[in-house]
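I opened a structure that was new to me and kept notes as I went. Here is the structure itself.

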Amino acid sequence: MSSKMEMEKNAPVLEINNLSVGFNGARGQAIAVKDVSLTVPPGKVVGIVGESGSGKTTLISAALGLISRQTAEITGKVKFEGRDILNMSERELRAIRGTDIAMIFQDPMTALNPSMSIGTLMTDIQYRDRGVSMTEKRRKAVEMLRHVGIPDPESRLTQYPHEFSGGMRQRICIAMALLGQPRLLIADEPTTALDVTMEAQIIHLLRKLQRDFHTSIVFVSHNLGIIAEICDYVAVLYAGCLVEQGEVDHIFHNPQHPYTKALLACDPALLPEQVTDFPAIPGEVPGPFDRPTGCIFQARCNLAADICRQVSPPLRPVEANHAAACHMAKGI
Amino acid sequence: MLQVKDLRVRFRTMGGLKALVKGKSDPFIDAVLNVSLSIAPGTTLGLVGESGSGKSTLGRAIMGLTKTTAGTVTFDGQTLIAPGLDRSQEIRAHSAMMFQDPISSLSPRLRVRSLIAEALKIRNWPASKIDAEIDRLLSTVGLPASLRSRYPHQLSGGQARRVGVARALALQPKLIIADEPTAGLDVSVQGELLNLLHRVQKDTGCALLFITHNLSVAQHFCDELAIMYLGRIVEIGSADDVARHAQHPYAHGLFSAQPYPDPRRRRTDIQLTGEVPSLAQRPEGCDFHTRCPKAQPRCSREVPLLGQAVPGADVACFYPETAA
Amino acid sequence: MAVEQSQSTRPQLTARIPEFFKDPVTIFACCIVFAFFFLGFFGEYLAPYKITALDMTHRFGAPSLAHWLGTDNLGRDTFSRVLAGTRVALTVSILAIGASVSCGIVLGLLAGYGPRWLDNLLMLLLDSIYSFPYIMLALAAITLFGSSQFIVVLVVAITTMPTYARLIRTSTLSVRNHEYILAARSMNIGHLQIVLRHILPNVIGPVFILVSMDIPVVITVEAALSFLGLGVPPPAPSWGRMLNDGYTLIRQTPWLVIAGGIPLMLTTLGFTLLGEKLRDVLDPKLQVRRA
Ligand SMILES: Nc1ncnc2c1ncn2[C@@H]1O[C@H](COP(=O)(O)OP(=O)(O)OP(=O)(O)O)[C@@H](O)[C@H]1O
Ligand SMILES: Nc1ncnc2c1ncn2[C@@H]1O[C@H](COP(=O)(O)OP(=O)(O)OP(=O)(O)O)[C@@H](O)[C@H]1O
Ligand code: SF4
Ligand code: SF4
Ligand SMILES: [Mg+2]
Ligand SMILES: [Mg+2]
């Protein structure tokens, strides 16, 4: 293999630099993502975790150019295989999405056109393969549906989204995303609607995809078990800020940011017995208009000191491949 | 509070004419088949099962939102749904449902405020107090009052979920059917929501049917647990028992397939493989025998029935785990 | 990617209005449409002559300072008649479209939300209306009731109604299976409320586009009917009738055809352009939006 190709192979697939997103509203700008930098290496799985409303969906939608400039102010840089996404025209973007980048959305019903049958949806999505016959497209659709565990796919092609269960819709979305054999797959909570046996099979399928096609995956999930299971790297978001990031093992076994620690401690999978009181982080996330100066987590942090209220902590390395944005984290 | 007996829901999969042409004598599927369960006031029944096993359909059928083919639903001592009888209005008047898709269960052109006000109005809340009540509900579910004027698409998944909860609480229900209410919530907010539901339940004594895929939540939150597979309940019992000593091979597989939040303890094998059979081609005998690691010849001939397959055990299997 | 294109429509209109009005084509279209409405309401008062004022000494006059667009075979001022024709065009299109939109919406909602048999029945009815040529309908109606503005409105309303009904029906069919409808039903909200509050706002959008595209069609149809002598009876100054007169008298003066044709053309152009621009703003398929 030539050195140039070698280099290309190791260049990050997706590179997000200082991305900020603020939604324009009546009361001014509501900041949803602030100064986030993130890279997705080729063939790796990057997990994103964080409080609901912390901006995970916004981050990945902005990174794909899905948020229009009229609804939000977007600053920063996003590069996909070296190409600048944020300055692309709608046509260029459309050419990339679906083939090179595929996305699985959080709410499967809104992602499937309710007035089209599954068969139509799944053949329409292959519109780029001009020369391929309709029967071939249908065959591919059926095969992919079987892959994601939809029983009896042939006869279900004529059915409409509302005739499927929530989990099946989610799997249909997954199947549609995988049809194009994308180089980057962005999955927003793809397995929440599935039972654990199915979840295990989907995870298996994603791993296989990653192995066979060297696909990079960005995986948003609230299920820490699944994150631990599939991810190579993990990024932790809190109120739009990246507070910690690193290799999966570091995050789970040596978390440095108080928020990460608190989040991990809330997982009910760790509870020994039946409880009436589930662990939760006391306090509330700061709203978009009352973001404090200094550390974003200070109101809920039990280590908070004076410096935390004045200076916002930069993301700094705590060990190899592991960085945290906390004044109290031990640096290197 | 709620008693369901032998409930059955059938869906037509193709038109009568098309079925005739294709030579299919039975163009129906049983999404829910002979399900019986009961929930006492102030308790929670968890419903777990593979996706497509009919959990949501069961929930909808109880509310009278989907037509039932057979069986009865008794609410507060009165039989309100039975063959030829549909008084489900009275069930809906005293219950609330939380839906699976958080954003799409909120009407897209209505603001959060109107969405909750609508629920209050239907319960004849005095107009002058609606505003204050909305604020109270929003803060109960942990949402800032500034969200009042947002449209559903301007909410994150978790925020939309909590609006759904606020709306359900506005209905002051005796029965809550919660369809995956914590899907899409982070573990901390999920904890808060579960604590909230606990509190509401303690205060109002409402019964709760809790559909979920999160086994640890099911185990820790519910009093009783029912496991569904292909439209049937295959095991039912106290949550702790089912979770710790699952007897049905499917339930057993479920609980042992749980991911653990530790990258050093990754699962390398898949416990339960194979396709879930199609409802249109329900297997002969035990529904699970196509995937069951313990299947015997008998399993593909006879249907194991709950409470009868092994006398005294609430499990629909001839060879349950502990008995083997 | 189809997945993201088919995201349901929740346009943030407020954000796009300024951009909408920046486009010169839109401004042009808006000007024409505004002028049309303005002249429709006030044209009569601006007209230099009464539309029935005969001046037999000035027949077939060419444009002059006194008669900007010349005069017709009876010496009536063409410019005044064009202005007054705007009123006829406006009245007919507003009445006809208003009637057809309201009936279409009601029937479409009934067909889309109601029981299956009602849907089938209504669709059968609508399809048969749709396949019936309007000229035939007009001829039949006029032989029965004589020609009047009311008949023109009725004919146009009946023939355009199926399009609206079908449009509403199709969107209703796709909206009614959404989970939020189920959620509303689970709260015991009545069917009427569901239709009015939860369905109508989500299906009405495309109707506006269609209306602005249909107004020129209606004006043309009215002109065509009048041209054939089936429309607004004389002496009302319809553009179509002026065209008709113009053609018979083309040897004497070309100005009548021009005077009847140009406003017709401009109005059609204005509304069509506006409709297209509106579609660009409202149509889900052409917009990018977040998940
Ligand atoms: N179109 C919008 N206009 C205004 N605010 C918005 C809009 N979309 C999202 N937001 C706000 O931005 C913040 C981040 O939302 P986002 O959907 O990215 O969260 P998330 O991390 O994906 O949460 P979840 O885990 O609940 O899905 C939230 O506070 C949300 O209310
Ligand atoms: N309206 C309908 N018409 C035909 N089939 C339907 C309809 N609604 C549901 N089904 C079928 O009934 C079965 C059960 O669906 P249901 O939504 O109850 O599953 P579920 O257990 O809630 O699954 P999930 O966990 O994925 O939400 C599925 O096979 C589904 O395809
Ligand atoms: S910087 Fe201070 S307030 Fe912020 S997380 Fe660290 S210790 Fe807590
Ligand atoms: S009855 Fe047989 S096939 Fe069914 S679950 Fe039990 S052992 Fe498995
Ligand atoms: Mg999200
Ligand atoms: Mg469901």
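My entries follow, one topic at a time.

**Ground rules.** I am reading a predicted model, in which local features need pLDDT of at least 70, side-chain atom pairs count only at pLDDT 80 or more, and totals for chains, interfaces and linings use all residues. Residues are numbered from 1 along each chain as its sequence is written, chains are lettered from A and ligands numbered from 1 in the order in which they are written, and side-chain values use heavy atoms, with hydrogens and water left out.

**Ligand 1.** I looked up the residues near this ligand (a heavy atom within 4 Å). There are 22 around ligand 1, and Gly53(A), Thr57(A), Thr58(A), Gly158(B) and Gln159(B) come nearest. Chains A, B and C all supply residues, so the site is shared between chains.

Next I checked N and O pairs within 3.5 Å. The side chain of Thr58(A) has an N or O atom 2.4 Å from an oxygen atom of ligand 1. For the side chain of His222(A), the distance to a ligand 1 oxygen is 2.8 Å. Gln154(B) uses a backbone N or O atom, 3.2 Å from an oxygen of ligand 1. The protein covers 94% of the 640 Å² of accessible area that ligand 1 has on its own (Shrake-Rupley method, 1.4 Å probe).

I then sorted the shell by class: ligand 1 has two nonpolar, 15 polar and five charged residues around it. Ala, Val, Leu, Ile, Met, Phe, Trp, Tyr, Cys and Pro count as nonpolar, Asp, Glu, Lys and Arg as charged, and the others, Gly among them, as polar.

**Ligand 3.** The residues around ligand 3 include Cys295(A), Cys301(A), Cys308(A) and Cys326(A), along with His257(A) and His327(A). This shell has nine nonpolar, three polar and no charged residues.

Conventions:
Polar contact = N/O pair within 3.5 Å; in protein donor to acceptor, adjacent residues only side chain to side chain.
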